[in-house]
Amino acid sequence: MTNRAEIGVIGGSGLYSLLDDAEEISVATPYGPPSDTVTLGRIGDRSVAFIPRHGREHVFPPHRIPYRANLWALRSLGVRQVLAPSAVGSLRPEIGPGALVVPDQLVDRTTSRVQTYYDAGGAVHVSFADPYCPSGRAVAVAKAQETEWNTVDGGTLVVIEGPRFSTRAESRWFSDAGWSIIGMTGHPEAVLARELALCYTSLCLVTDHDAGVEAGEGVTHEEVLAFFAANVERMRTLVSEAVEGLPLDRPCSCGDALDGLKLPFDLP
Ligand SMILES: [Zn+2]
């Protein structure tokens, strides 16, 4: 097998492997190594590259994940469409644990992360008004609904710096703003994908209600991991079906994100 893939999957908490009978390779990037070795394999007719976002042993907390290396590695392997499962908290009473949210908007509340490839050699301003791939979103929503998964089509993901969870006041604030779900890894992953002209689709499994939404003790890391583990098979199935459902030729404009912009280096 040549070391190429057309579709990338960045697995979140609990989803540390995806492809059986696959090949593991190390990929070097200008931004250091990715979170782990990259697994190359096939799902149906499609070639897939998988990276566990936190590393297989969950060694990288959200603010230390090598986001730039992960996306660069995928693109350098030929990937142009990325599916990104993750665990999130709900900011809305009507979105309960177990729901799948495919967000269409994002709010960045991170503080310490490098969120661009273009930090030298001139300014590159990509459009980010619609941060997610409309085509990938449509496929993911359709596949999830086919399995009768409680699916929310759209909504706003707010990404906090972490690794701590929100205070009740912060959580109420986010909820009052009308945002839907909260996580720690959706950014800068989404914008880095856009900066590489990749399609990027976020698949968010709701594991709990965030601190301010319901009374109680808030959320613990153990609760999140236990819940996510129980839902891993379900997410694995959805990712596999979405991979097979993604269009061969991208009908969206994600691939045009850099048209007309002067880049300081060539993309892989
Ligand atoms: Zn796209």
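**Note on the zinc site and the largest cavity**

1. Along the chain, the zinc ion's donors are spaced as C-x65-C-x52-C-x1-C. One pair among them joins distant parts of the chain: Cys133 and Cys252 lie 119 residues apart. Cys133 sits in the loop between strand E7 (105–109) and helix H2 (134–146). Cys252 belongs to the segment after helix H6 (232–245). Keep in mind that this is a predicted model.

2. Which atoms hold the zinc ion? The SG atoms of Cys133, Cys199, Cys252 and Cys254 coordinate it, at 2.2 to 2.3 Å. The site is tetrahedral, and the angles among the 4 donor atoms run from 98 to 113°. For comparison, the ideal angle for four tetrahedral donors is 109.5 degrees.

3. Are Cys133 and Cys252 buried or exposed? Cys133 has a relative accessible area of 1%, so it is buried. Cys252 has 15% relative accessibility, and it counts as buried because the cut-off is under 20%.

4. The model has 1 cavity of 30 Å³ or more. The largest cavity holds about 50 Å³ of space. Its lining has 13 residues, and Ser86, Leu157, Thr185, Gly186 and Ser202 are the closest to its centre.

5. Which elements each supply at least two residues of that lining? They are strand E5 (81–90), helix H4 (186–195) and strand E11 (199–209). E5 gives the largest share, with 4 residues.

Key:
Residues numbered from 1 in each chain as written. Predicted model: local features only at pLDDT ≥ 70, side-chain atom pairs only at ≥ 80, totals over all residues. Heavy atoms only, no water. 1 Å grid on protein atoms, 1.4 Å probe; cavity = no way out; pocket = protein on both sides within 12 Å on 5 of 7 lines; lining within 4 Å. Points joined across faces, edges and corners; volume = space filled by probe spheres on them. Donors = N, O, S within 2.8 Å, 3.2 Å for Na, K, Ca; no water. Tetrahedral: all angles 85-135°; square planar, octahedral: opposite > 155°, others 65-115°. Buried < 20%, exposed > 50% of the residue type's maximum accessible area, 1.4 Å probe, protein only.
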